[in-house]
Amino acid sequence: MSAIDYDLTKIKAFVFDVDGVLSPSTIPLGEDGYPRRMVNIKDGYALQLAVKKGYKIAIITGGKGEAIRARFESLGIRDIYMGSSKKLPVFKKWIDDNSLTPDEVAFMGDDIPDLPCLRFAGLPCAPFDAAWEAKETARYISPVAGGYGCVRDLVEQTMKAHGNWLSDADAFGW
């Protein structure tokens, strides 16, 4: 039984912000002034399994850096949009390009720049430590903080609703 009040069998795709969702909202800066993001291995496992099972996944972030692209490409994600100061036009185009409807997409964001996408998505989600505006807009608030497994929480519950979480040998490897 899912903790998410939504028909998860409708979900065919996931879209995620990076900072505050796929990485913690506190990011150390390198000597060069660029952020050094942490990522959660359990989030990564869930994402690569979702890709193998045919879910469409996109990353839409205001952040920049080839480490972001390299991380998510290594998990099989191809739709990575960086430097997106206005995320909604990118999100809408991605939905259209993938022949989806908003109610087939879960979007997880944590802060003010994510609000337009949260309002547009069929299943708007936020991590436990999201800004109150994001939490107020979200239909599901993960009990897990950003960068610490909130993505795994959402993906796992959705895949279980579809009956394809740990459903075959693909689940037991990277």
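Helices (H or I, at least four residues) and strands (E, at least two) are DSSP runs, numbered from the N terminus. The views below show a predicted model, where local features need pLDDT of at least 70, side-chain atom pairs count only at pLDDT 80 or more, and totals for chains, interfaces and linings use all residues. Residue numbers start from 1 along each chain as its sequence is written, and side-chain values use heavy atoms, with hydrogens and water left out.

View A. On a 1 Å grid over the protein atoms alone, a cavity is a set of points where a 1.4 Å probe fits but cannot get out; lining residues have an atom within 4 Å of a point.

**View B. The largest pocket.** A pocket is an open set of points with protein on both sides within 12 Å along at least five of seven lines. This one has a volume of about 260 Å³. It is lined by 13 residues, of which P35, R37, K64, A67 and I68 sit closest to the centre. Seven of the lining residues are nonpolar, one is polar and five are charged.

**View C. The open sheet.** Six strands line up as β3-β2-β1-β4-β5-β6, with parallel pairing; two strands pair if DSSP finds at least two bridges between them. β3 (79-81) and β6 (140-141) are at the edges with a single partner strand each, so one side of each has no neighbour in the sheet. Between β1 (residues 13-16) and β4 (residues 105-108) there are four bridges, and V15 has F107 as its bridge partner in β4.

**View D. α1 against α6.** The axes of α1 and α6 (residues 150-162) are 8 Å apart, at an angle of about 35°. Axes are lines fitted to C-alpha atoms, for helices over the stretch in contact, and angles run from 0 to 180 degrees between N-to-C directions. The contact (heavy atoms within 4.5 Å) includes Y45 and L49 of α1 and V155 and M159 of α6.

Terms used:
Points joined across faces, edges and corners; volume = space filled by probe spheres on them. Nonpolar A, V, L, I, M, F, W, Y, C, P; charged D, E, K, R; others polar.
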